[in-house]
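Trainee: I am new to this structure and would like a close look at a single part of it. Please take me through that part step by step.

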Amino acid sequence: MIQYDVIKRPLMSEKTTKQKESFNQLSFEVDRGANRVEIKRAVEQIFNVRVATVRTMQVRGKTKQRGRIIGKRRDWKKAIVKLMPGERIEFFEGA
């Protein structure tokens with residue numbers, strides 16, 4: 001897989017901001033077929049940092065209802081990447 005196919009988008013929320021500040025962890029939405037090694041390699045090559053650990057989880061899409069129509073959001077995969085001490089990604093520093 002190409003690195004930009006593995007990492008789909010960064011996740012920015014209050015929880016991920018606290019993780020970044022406290023534990024030097026970043027969260028990404030990743031391709032559902034990507035494994036930890038591919039995610040680690042992609043983050044290291046795209047952002048030019050060293051990665052300590054990668055944790056992944058499958059997120060189930062929520063069921064949503066508008067009137068009588070019931071739909072479902074898509075399932076997706078989330079990766080929490082912990083960087084080595086002293087490593088930073090400038091992209092996340094302004095957020």
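Trainee: Which side chain does the side chain of glutamate 87 join in a polar contact?

Mentor: The model is a predicted one, and in it the side chain of glutamate 87 is joined to that of arginine 50 by a polar contact of 3.2 Å. Start with where glutamate 87 sits. It belongs to the loop between β6 and α4 (90-93). Its relative accessible area is 17%, and because buried means under 20%, glutamate 87 counts as buried.

Next, look at what surrounds it. Leaving aside residues up to four places away in sequence, glutamate 87 touches Asn24, Asn48, Val49 and Arg50.

Take asparagine 24 to begin with. This residue lies in the loop that runs between α2 (14-23) and β2 (25-30). Its phi is positive, about 60 degrees, although asparagine 24 is not a glycine. As a rule, most residues other than glycine have a negative phi. Asparagine 24 is partly exposed, with a relative accessible area of 22%; the cut-off for buried is under 20%.

Asparagine 24 follows α2, so that helix comes next. The buried residues of α2 are Thr16, Gln19 and Lys20. Viewed down the helix axis, they fall within an arc of 100 degrees, and so they line one face of α2. The face turned away from that buried side carries exposed residues, namely Glu14, Lys15, Lys18, Glu21 and Ser22.

A search of the whole structure finds 2 cavities of 30 Å³ or more, and the largest cavity holds about 40 Å³ of space.

Asparagine 48 is located in the loop between α3 (36-47) and β3 (51-59). It too is not a glycine, yet its phi is positive, about 55 degrees. Asparagine 48 is exposed, with a relative accessible area of 68%.

The helix that asparagine 48 follows is α3. This helix has 12 residues and reaches 16 Å from its first C-alpha to its last, close to the 16 Å expected at 1.5 Å a residue. Ile39, Ala42 and Val43 are buried in α3. Because they cover an arc of only 95 degrees around the axis, they are on the same side of the helix. The cover over these buried residues includes α1 (3-6), β1 (7-10), β2, β3 and β6 (76-83). At the start of α3, a side-chain oxygen of asparagine 35 comes to within 3.2 Å of the backbone nitrogen of valine 37.

To put the part together: glutamate 87 is buried, and its side chain makes a polar contact with that of arginine 50. Glutamate 87 also touches Asn24 and Asn48. Asparagine 24 follows α2 with a positive phi, and asparagine 48 follows α3 with a positive phi as well.

Conventions: Residues are numbered from 1 along each chain as its sequence is written. This is a predicted model: local features need pLDDT of at least 70, side-chain atom pairs count only at pLDDT 80 or more; totals for chains, interfaces and linings use all residues. Side-chain values use heavy atoms; hydrogens and water are left out. Helices (H or I, at least four residues) and strands (E, at least two) are DSSP runs, numbered from the N terminus. Buried means under 20% relative accessible area, exposed over 50%, partly exposed in between (1.4 Å probe, protein chains only). The expected span of a helix is 1.5 Å times one less than its number of residues. The arc is that of the directions from the helix axis to the C-beta atoms. Contact means heavy atoms within 4.5 Å. A polar contact is a pair of N or O atoms within 3.5 Å; within protein, one must be able to donate a hydrogen and the other to accept it, and residues adjacent in sequence count only if both atoms are side-chain atoms. On a 1 Å grid over the protein atoms alone, a cavity is a set of points where a 1.4 Å probe fits but cannot get out, and a pocket is an open set with protein on both sides within 12 Å along at least five of seven lines; lining residues have an atom within 4 Å of a point. Grid points are joined across faces, edges and corners, and a volume is the space filled by probe spheres set on the points.
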